[in-house]
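Here is a short briefing on a protein model and its ligand. Look at the structure first, then read the points below.

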Amino acid sequence: MLKGTKEQNSAADTKKGRFITFEGGEGVGKSTQVKLLIKRLQQVGVSTIRTREPGGTPKAEAIRKFILTGKSEQWGAEAEAILFAAARLNHVNELIAPNLKYGCWVICDRFHDSTRAYQGLTGGVDELFIGALEKLALNNHQPDLTILLDMDPKIAFERVAKREKEFGLKEKSDRFEKENLLWHQNLRKNFLKIAKNNPHRISVFSADMEQEKLAKAIWDGIRQKFPHETLGISTL
Ligand code: T5A
């Protein structure tokens, strides 16, 4: 199970921490790119912490297990949105905020845009309801940058199927993966809609390319967005 893994480097401790989130549909390569970004940041001496949602703290991981094993489905989309927000509030207060304050860069696999896309725009939960939960759970911790990985869900599902064939079943029972292709195509459109409404925060990348090539494109985007923090790394 992935937990927030603290990888510190004293050279970066005087810098203000940056908060970067990765978003997108199932299997588009978020976890892969989070790991590749952490590697690049470590190489240039930036102190980082890798985390995920739902989860990231023991209490939030307990909520993750409850939701992803399908136990919350019968409660309805509003209740699920509240559960995601409860997990997020704990994650923000116990892991994200303290690390940013300390100067770490926090790299998070999914965050509040997932609630907006899955439970809100795709699941039908009212926008004001989602907005109110977001305000409570984020506690003024908006990401500095969100990387949206965009891809045809058909291709993403093929990747996930290949992984499951090679490595066996995952720990979760695919609460949302079991929705049909049309649902996921709609989800993709909704993520793009969120990106269109937040052009200063969200950068969209086509995920349908080779891993390292995509990692390089993301890295170039990060260097452009945070030129001062990423000075002196032109050789990478
Ligand atoms: N959810 C979550 C909500 O409904 N509301 C919320 O508020 C939140 C926070 C979380 C579930 O909860 C929902 C959304 C989700 O349904 P999860 O474990 O985060 O569950 O689910 P996924 O995001 O779907 O996680 P996956 O691991 O399945 O997808 P990733 O992380 O996008 O993909 P990754 O990196 O694991 O890659 C998948 C496979 O593709 C290969 C990898 O090696 C791997 O085998 N791959 C590539 N292959 C070819 N080319 C590339 N460029 C590749 N990149 C990766």
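A polar contact is a pair of N or O atoms within 3.5 Å; within protein, one must be able to donate a hydrogen and the other to accept it, and residues adjacent in sequence count only if both atoms are side-chain atoms. A polar side-chain atom of T32 comes 2.5 Å from an oxygen atom of the ligand.

The model is predicted: local features need pLDDT of at least 70, side-chain atom pairs count only at pLDDT 80 or more, and totals for chains, interfaces and linings use all residues. Residues are numbered from 1 along each chain as its sequence is written, and side-chain values use heavy atoms, leaving out hydrogens and water.

**Ligand contacts**
- R159 places a polar side-chain atom 3.2 Å from a nitrogen atom of the ligand.
- The protein buries 86% of the 1,000 Å² that the ligand exposes when taken alone (Shrake-Rupley method, 1.4 Å probe).
- A polar backbone atom of G27 is 3.1 Å from an oxygen atom of the ligand.

**The shell around the ligand**
- The ligand is surrounded by 27 residues (a heavy atom within 4 Å).
- E26, K30, S31, T32 and T115 are the closest.
- α4 gives the most to this shell, with 4 residues (helices are DSSP runs of H or I, at least four residues, and strands are runs of E, at least two, numbered from the N terminus).

**K16**
- K16 sits in the loop between β1 (5–7) and β2 (19–24).
- K16 counts as exposed because its relative accessibility is 55% (exposed means over 50%, with a 1.4 Å probe and protein chains only).

Definitions and conventions
Buried < 20%, exposed > 50% of the residue type's maximum accessible area, 1.4 Å probe, protein only.
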